[in-house]
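Work through the exercises below with the model open. Try each task before reading its solution.

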Amino acid sequence: MVQPGDFGPFDGRAWLNCAQQGPLPRLAVQEAQRAIAEKIAPARMAEDEFQRVPRRLKQALAHFIGARPEAIVLGNSTSYGLQKIANGLDWRDGDEALVVRGDFPASVLPWYTIERRGAKVRFIQPSGPALAAAEVEAALTPRTRVVCATWVNSFNGWTLDLEAVGRVCRRCGALLVLNAAQAIGARPFQIAGDGAEAPADAVVACGYKWLCGPYATGFAWISPRLLDQLTPDQVNWGAMQQGRTLDQMRDFELRSDLGAVALDVFCTGHFQSFAPWAAAVEYLGQFGSRAIADYDQQLVERFAAGLDSRRYSLLSPRQGDARSTLIVISHRERARNPGLHQQLAAEGVDISLREGNLRLSPHLYNTASEIDRALDLLHRLA
Ligand SMILES: Cc1ncc(COP(=O)(O)O)c(C=O)c1O
């Protein structure tokens, strides 16, 4: 799949830390260099670059997840998309948003602002490592407008059963907003048609992890059902100009017929970040999310099978659908984890320390020998 030179050079290090930051593929580096060269001498820049870059990026993202480009909102983070949804719904007194206790802050904090508008945020307390559909069902009330949950948990690597949670929300008339920051790019995911049957009403992710884009990138896919209920909390003049040329700038009006594009972050022709990100997503799109996920899972399996369970416990799932590309382990003496994290870094193996545990997150540019190198070190240092 990945050819030598497609990524890196990594300076001899094993970057097993995609859950924190994905590296740029070479094709994206070339786009970034081109964007900088054009900015050095702007005459090199085509005048329609402002429209071309977001169009290309939306097409690449839409192709990767099987969606329509018109349903994609471009942002600078996961938080951006979640925020636009929380702010754009017409909350009424007594409405509520359900969020998950212990979830990543980006999935919870955007909803707090709805309390200024008479609505309430309520927490579901999961009883296990992943939120269960039955727990969502038990927590839903007729006033629940939205359930916001994270697909792959950043701290323990567990994956929620999206189909089952989606079914419960749909049955009860609640919108499901999914934080897929640790999933899109590494899990197979396809939306069919306009997404009316998709398990979630919104799928939101950043671009700088599993989609291998620059930092400060993100997107949201929004279902037609949710889009109908959103009023943008902003007026984006660039979006209002859709279908017009740059010499018609003073001929403007406030339009409400724009759909998802009205929610885009300002300056979507962000050449230095959105052009390389488009190239990165096109690169991943050549393989498709299924093939990437299969490869990633081989690496995860190799690690899990090779880990010495007398010295380390595996906290993320050993197998099955709940397993993700985030492998979370702990030394049997938990207090040793911070030291091990530092020792691994000193030996050229980069992983994360999260909530006191060790988190490895391999992706398509990693190799079986890098997994073995991490295992050897972990066992030697233990
Ligand atoms: C589940 C989850 N959501 C969101 C983010 C990042 O949020 P943002 O894209 O808003 O920076 C992370 C980053 O670690 C994450 O793990």
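**Exercise 1.** Is the crossing of helix 2 and helix 9 left-handed or right-handed?

*Solution.* Two notes come before the steps. This is a predicted model: local features need pLDDT of at least 70, side-chain atom pairs count only at pLDDT 80 or more, and totals for chains, interfaces and linings use all residues. Residues are numbered from 1 along each chain as its sequence is written.

Step 1. Locate the elements: helix 2 covers residues 49-65 and helix 9 covers residues 271-287. Helices (H or I, at least four residues) and strands (E, at least two) are DSSP runs, numbered from the N terminus.

Step 2. Apply the rule: a crossing is left-handed if the near helix is turned anticlockwise from the far one by less than a right angle, and right-handed if clockwise. The crossing of helix 2 and helix 9 is left-handed.

Step 3. The angle is about 30 degrees and the axes are 9 Å apart. Axes are lines fitted to C-alpha atoms, for helices over the stretch in contact, and angles run from 0 to 180 degrees between N-to-C directions. Helix 2 and helix 9 are therefore roughly parallel to each other. The cut-offs: under 35 degrees is roughly parallel, over 145 roughly antiparallel, 65 to 115 roughly perpendicular, and the rest oblique.

Step 4. Inspect the contact. On helix 2 the residues include Val53, Leu57 and Phe64; on helix 9 they include Phe274, Ala278 and Val281. Contact requires C-beta atoms, placed from the backbone, within 7 Å. By class, the contact has 13 nonpolar, two polar and three charged residues. Ala, Val, Leu, Ile, Met, Phe, Trp, Tyr, Cys and Pro count as nonpolar, Asp, Glu, Lys and Arg as charged, and the others, Gly among them, as polar.

**Exercise 2.** At roughly what angle do the axes of helix 1 and helix 9 cross?

*Solution.* Step 1. Take helix 1 at residues 26-40. Its axis and that of helix 9 cross at roughly 155 degrees and come within 8 Å.

Step 1. Classify. Helix 1 and helix 9 are therefore roughly antiparallel to each other. The crossing is right-handed.

Step 2. List partners. Helix 1 contributes residues including Leu27, Ala32 and Ile36, which face a set in helix 9 including Gln272, Ala279 and Tyr283. The contact divides into twelve nonpolar, one polar and three charged residues.

**Exercise 3.** What is the strand order in the open sheet of seven strands?

*Solution.* Step 1. Read the order: 2-8-7-6-5-3-4, with mixed pairing. Two strands pair if DSSP finds at least two bridges between them.

Step 1. Find the edges. Strand 2 (72-75) and strand 4 (120-124) each have a single partner strand, so one side of each is left without a neighbour in the sheet. The twist averages 20 degrees from one strand to the next.

Step 2. Check one pair. Strand 6 (residues 175-179) and strand 7 (residues 202-206) are parallel, over three bridges. Val177 stands opposite Ala202 in strand 7.

Step 3. Place the helix. Helix 2 packs on this sheet and touches strand 2 and strand 8 (218-222). Its direction makes about 120 degrees with that of strand 2.

**Exercise 4.** Where is the residue Cys212 placed?

*Solution.* Cys212 is in the loop between strand 7 and strand 8. Its phi is near 55 degrees, a positive value in a residue other than glycine.

Terms used. Contact = placed C-beta atoms within 7 Å.
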